[in-house]
Amino acid sequence: MQENNNNSTDEDFLKNLPLQAEEIGFKPDEMLACGKCARTNPPNRVKCMYCGAELEISAEQAGNIKPGLRKLELWEQGFNVIYLPNDEQIAVETIRKLAQLTGREKEFLQKAFDARTPLPLVRCETAKEAEILQNRLNEDGLKTSVVSDESLTADTLPTRLRGVEIRDKYVLLTIFNTGKIEIINLEDLKIIVTGAIFQKAVEATEARKKGTTKILDATEIASDEALIDLYTGENANGYRILTKGFDFSCLGAEKGILARDNIKKLAAKLQTIAPQAKLIDDYLSVRGVLGEVWEVEQRKDSQGLSRQRFGKFDLSSISSSNNSQQFTKYSRMQWHLL
């Protein structure tokens, strides 16, 4: 009899147990209605899960959202959250918290902060997502700015120059293709950015047999070219000086034999005659960190089949990489942070 009473007590206990220990979903009044399709969405989303439209989110609701920072393709137009350094040291605990928030590795964030120069931390898919992330970072004491890929226009290169003539209060800029001359006042020159364009191409011949690929031959060609980008306060497109095809006679007696040395001398001279201009010369030291967000453009083009021996055909391809867009973004970012 006692055993039956115990069984009854156990059954009552099990019946009274809650179905779940805590609320794991969202309450109806917390859901967000999409302004386009009118369907409801969880309050931790930036875009509608049904139609993809951007949701209207209040400041209070933004606190519930953790941006879903998917990796964007190079061709996509995103929004870059730029870290603006100050004199304060970023605590290790803050870096750990930021790593969870942004989805970035702690080692990457540490390198970005140690560089002590403006650098993109993440690329967001939408402006709202970037705004939410920026506010979160600001709450942790980080000063940031949001710059869109559209405003950086990396597909449009700066106007290339063929020559520069320095006068007392202004410089004459000779456009590379047309020979047209533009005049800018020295006091209007705001930014001088130095760096280099690195290009590499690998032509390979592969043999395929039974699902495996074997490289028979590969030829690699690599090159690098130093350059200078110049910006005035009103011209976001800028001007570009490459070592090839540029007349360094503006250096006078300082002109040397090697173009690589001449372009360094020219950057120094421009900074001397326009001391108000900010010289940005750290691209080469931060390009590794920069590549975590703004990747170097890479592509592989098939050259088709080629007959290499009797009855045998091999596949040829060319793999190439170029940092032109990456440097252009970094260069233009400096202007937008003026």
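## A salt bridge inside one helix

Let's start with arginine 96 and glutamate 93, whose side chains meet in a salt bridge at 2.3 Å, N to O. (A salt bridge here is a side-chain nitrogen of Lys or Arg within 4 Å of a carboxyl oxygen of Asp or Glu.) Both residues sit in helix α3, three residues apart, so about one helical turn separates them. Arginine 96 is partly exposed, with a relative accessible area of 33%, and glutamate 93 is partly exposed too, at 48%. (Buried means under 20% relative accessible area, exposed over 50%, and partly exposed in between, using a 1.4 Å probe and protein chains only.)

A quick word on what you're looking at: this is a predicted model, where local features need pLDDT of at least 70 and side-chain atom pairs count only at pLDDT 80 or more, while totals for chains, interfaces and linings use all residues. Residues are numbered from 1 along each chain as its sequence is written, and side-chain values use heavy atoms, with hydrogens and water left out.

## Other salt bridges

The structure holds 10 salt bridges. One of them joins arginine 260 to aspartate 224, with the closest N and O atoms 2.3 Å apart. This pair ties together distant parts of the chain, 36 residues apart: arginine 260 is in helix α7 (residues 259–273) and aspartate 224 is in strand β10 (residues 212–232). (Helices, H or I with at least four residues, and strands, E with at least two, are DSSP runs numbered from the N terminus.) Arginine 260 is partly exposed at 40%, and aspartate 224 is partly exposed at 40%.

Glutamate 165 and arginine 167 also pair up, at 2.6 Å, N to O. There's a network as well, in which salt bridges link Arg123, Asp149 and Lys329.

## How α3 meets α5

Back to helix α3 (residues 92–102): its axis comes within 11 Å of the axis of helix α5 (residues 127–139), and the two cross at roughly 170°. (Axes are lines fitted to C-alpha atoms, for helices over the stretch in contact, and angles run from 0 to 180 degrees between N-to-C directions.) The two helices are therefore roughly antiparallel, a label for angles over 145 degrees.

On the α3 side, Leu98, Leu101 and Thr102 make the contact, and on the α5 side Leu133, Arg136 and Leu137 do. (Contact means heavy atoms within 4.5 Å.)

## Cysteines without a bond

A search of the whole structure finds zero disulfides, a disulfide being a pair of cysteine sulfur atoms within 2.5 Å. For cysteine 34, the closest cysteine sulfur is in cysteine 51, 3.6 Å away and too far for a bond. Cysteine 34 is buried, at 4% relative accessibility, and cysteine 124 is buried at 0%.

Terms used
Parallel < 35°, antiparallel > 145°, perpendicular 65-115°, else oblique.
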